[in-house]
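Thanks for coming, everyone. I'll keep this short. Please look at the screen.

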Amino acid sequence: MHHSPDRRAAEPSPAHDLFVRVRGAREHNLRGVDVDIPRDALTVFTGVSGSGKSSLAFGTLYAEAQRRYFESVAPYARRLIHQIGAPKVDSVTGLPPAVSLEQRRSSPGSRSSVGTVTLLSNSLRMLYSRAGTHPPGAQRLDSDAFSPNTTAGACPSCHGLGRIHRTSEELLVPDAGLSIRQGAIAAWPGAWQGKNLRDILEALGHDVDRPWRELPAKDREWILFTEEQPVVTVHPVREAERIQRPYQGTYMSAHRYVMRTFADSKSATLRARAERFLADAPCPACEGRRLRPEALAVTFAGRGIAELAALPLTGLDGVLAAARPDGEAARVLAEDLRSRIGPVVELGLGYLSLDRTAPTLSAGELQRLRLATQLRSGLFGVVYVLDEPSAGLHPADTEALLGVLDRLKEAGNTVFVVEHHLDVVRHADWLVDVGPLAGEHGGRVLYSGPPQGLAGVAESATARHLFTGGEVPARTRPVRKATGAVRLSGVDRHNLRDVDAEFPLGVFTAVTGVSGSGKSTLVGQVLAREVGERLTEPDFPVRRLVEVDQKPIGRTPRSNLATYTGLFDVVRRLFTAAPEARARGWKAGRFSFNVAGGRCETCQGEGFVSVELLFLPRTYAPCPECGGARYNAETLEVRYAGLNIAEVLGLTVESAAGFFAEVPAAARSLRALEEIGLGYLRLGQPATELSGGEAQRIKLAAELQRLRRDHTLYLLDEPTAGLHPADVRVLLRQLHGLVDAGHSVVVVEHDMEVVAGADWVLDLGPGGGAEGGRIVAAGTPEEVAHAEGSRTAGYLARAVEAGREEDG
C-alpha cells in the first residue's frame, strides 16, 4: 500500500473525515484489503477482469451503503440483512449513502421506455395536461390520462400495448381444400383432444367431411370464432384405440383455444405453437399509439403526445424551442422538459425517442440514460457507484461523459467508477488499482492515490498500459486479403436508409461509428438475418453463423460455467464411476443438482434461497441447509481423487485444469477457458454472477474448443466491453486465430486499438439517429484513418500512428 504516513497517523473524528476508510475487506477474492478513498472526488477502480475491483466497489462499498440504508428505513429489513449476510469487511467509515448505476443487474420490462427510465414522460404528460389544447367542450384531462400504463390512459382495445395479437381464418385454416376430418383446422390441438373437438362438431350437425371452403360462411365463422362453449353428448365412432362410451364434450372455438394457450399456457412449446396462428399487428383502434382517443385528441404546438414521443429527443427539443407556449405554466413546463432533455443529448443519446422501449436499448445506453436522469435529480452528499460508463461509447462521446462525471462531483457528490477506458482513468482524481492478476492471484490493492503515482508500481498491469503507450500492439502482420464477400443492398431498418454494404470474408472486419449510428442494427440484425437465410444455399461461402453476444448464459443460479460448457457431464460420469457410487448403484443423475435424488431439497439444488421483500429487488441468500453446497450429505460422501462434487464445483478453471489434466474431455474445455483469460472463474459460478463480458468470453471459449472446418462467420458486438487493456490483447489473439484458421470475424467496436489491428473497417455515421445510418468510409484502417467527414478518423489515425511507431 502506498500511504503517506502522516495521513494514517492523525485519523480525524469520523464526522469530519474526508476519506472513506475500508478495513479488512474479504468479499469474494479480496484478501483483507485496507484502503482509504477521498470523498467528494472522482475515484476510478482499475485492474484486470476478475481482479476484485467490482468486489471492492460494488460488493463492499455499495453493498455496505445499501445495508445501512435498509437498516435505517425498515426495521424488518434487519431480518433480510441477517439472511443475505452483510458484506465481508471489518469496518467501513466515512461512507455516505450510495446510488448504484450498474449495467447488468436489472433488465427492464417491455412497458418501460426511454421516457419512463428518464422520467421525461412524466414531464411531457404534465405539459399536455396543463398546457395542451383540448378539443372544444372536452374536459381537461389529468396527466395520468396520457400514460398507456394506467387504466385512465390505456387504449381499451390493446390495453396500452399498441399492438394486438389476432387470429384470422387464413392463419387458422392454411389449406381450405381439406375437410375438418382431414385436419383443415391446423390450430387445433393434436391427438385425442383434436379428435374430440371434431366429434363434437359432428354431434352439433356440422359436416366434417366436406372441404372447408365449401362450408357455409356463417358456419365457418362460428366454428373458428365463437365465444360460446356448448356441451353435447358425443357417441364416438367405433375405433379400436378409443374409449367407446358416450361422453359429455365441451366445444371451444379455434380462436378461443389459441388465445387461451397463448395467454395462459405454462409450456413454452405450446405458447410458441399458438403464436404461429397469431398475427401481431398495430392495434386498429389507436393505430399503435397506445392511448385512448380522448388523450390523442389533445395537442401541443399542433401535435398529439404520441407524435412528440416518437420524435428523436433532438427533434422534440426543437419543437419545444419553437413553440410559443401559452401562459406561465406552459412556459415553465416546456423549459423544465428541455432542461431534462439536455443531459441526455449531451451524453450522445439525442437520437433516441421517448417511446423507444427499454428492451431494445443496449446496456451502455440504459446506464447513460440513468446517469443523465441523476444529473437532474439534484442529490448531493451521496456516492455514485458506476460500472464502466464508457461501455458503448465512441471516443468522441467519451469527452461528454467526463464532463457529466465532473458535474456530479461538483454538485457535492463522491463518484466511484469501475472502468477500463484509459481516457476515463487518466481523468480521475484518485486511482485504486486492484490485482495483480485475476481470481485467487488478485484481490490486493496495489496502489491507492493520484494517477501519476501509479507509474512506480511494477506489478500493475494498469500502469504498463497507462504510461508506456503499451496499449497499442505493434502491427506485425500485413493486411489479409478477402476470400469473398457478403453484400447487403438497399437496407432499411431503424435509421439505416437504403444502405449498401459489403462485408469481406476470410478477414477481420471492424464496424465503427458514434453511438446510435446504426452499427448494431447493421451487424446484429441485417447482416445476421441475411446470412442466416442464405446458409442453406449450396454456393454461399459461409456455412455457419455464430453470434457471440453478451447476454447471460442463464437467468438463474442453476446454470453455471460447468453446465454451459458441457464440462459438468464429464464430471458427473467420473463421479458415477467412483467405487462408492458404484457400490450404492448410483447413476449420473445422483450428481445433478437439477433433479431430486442427490441434491439438497431445501434449496432444490440451487445452493441459494430466494428472499422476496416488499419494494426491494429479489435477492439470493445461501441455503441454510447445505450452506451453498447444492447437494445432500450422502452425495457429498463420494469422492473423486479426494474431492467431493461440491468441492470440484468450487475449483477455479485454473486449478481444475491441473486436477483434470489426465481427462482429455475435461482438459480441452478448461484449456479453452484459460486461454481466453477466464482461469479465475469457479466451475460452479452461477450465471447470475457473471458479467456480460465474461458470458461472451465463455461462449467464445465454447466455440474455440470445437473448431469446425466449415467456414464460420463470427459476429461480436463490442467484445472488449468490460475488459482491461491487458485482457483485450488476449481476446484479440483468439479472434485473429479464428481468422487465421480460415473463418470470418466481424466486430462492432469503439476500442481504436482493436480497429487499428483489423483488416477492413466500415465506419457508419456521421452522427447518431437520423444524422447517422450511412456508410461514411470503408477500407483498411490506414485508409479510414484519413477519411473526410468521419468522426472516427482522427481517433483511429492516432492508434494507427502509435502502432507504426512501435513497429519502427
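Which residues does Thr-226 touch, not counting residues up to four places away in sequence? Glu-221, Tyr-251 and Ser-253. Contact here means heavy atoms within 4.5 Å.

A word on the ground rules. This is a predicted model, where local features need pLDDT of at least 70, side-chain atom pairs count only at pLDDT 80 or more, and totals for chains, interfaces and linings use all residues. Residues are numbered from 1 along each chain as its sequence is written, and side-chain values use heavy atoms, with hydrogens and water left out.

Back to Thr-226. Find it in the loop between helix H8 (217-225) and strand S7 (231-234). Helices (H or I, at least four residues) and strands (E, at least two) are DSSP runs, numbered from the N terminus. Thr-226 is buried, at 7% relative accessible area. Buried means under 20% relative accessible area, exposed over 50%, partly exposed in between, with a 1.4 Å probe and protein chains only. A polar atom of the Thr-226 side chain lies 2.9 Å from the backbone nitrogen of Glu-228.

Next, helix H9, residues 254-264. Its buried residues are Ala-254, His-255, Tyr-257, Val-258 and Thr-261. Seen down the axis of H9, they fall within an arc of 165°, so they line one face of the helix. That arc is taken over the directions from the helix axis to the C-beta atoms. What covers them? Helices H6 (169-172), H7 (191-203) and H10 (268-275) are included, and so is H8.

Now the sheet. Six strands form an open sheet, in the order S5-S12-S13-S3-S14-S15, with mixed pairing. Two strands pair if DSSP finds at least two bridges between them. S5 (98-101) and S15 (444-449) stand at the edges with a single partner strand each, so one side of each has no neighbour in the sheet. Inside the sheet order, S3 (42-46) and S14 (430-435) pair in the parallel sense over four bridges. Phe-45 has Val-432 in S14 as its bridge partner.

Last, the cores. A nonpolar core is a set of buried Ala, Val, Leu, Ile, Met, Phe, Trp, Tyr and Cys residues joined through side-chain atoms within 4.5 Å. The largest has 79 residues, and Phe-508, Phe-660, Leu-683 and Leu-700 have the most contacts inside it. Helix H27 (725-740) gives the most to this core: six residues. A second, separate core has 72 residues, including Cys-155, Val-344, Leu-408 and Leu-446.

Definitions and conventions:
Polar contact = N/O pair within 3.5 Å; in protein donor to acceptor, adjacent residues only side chain to side chain.
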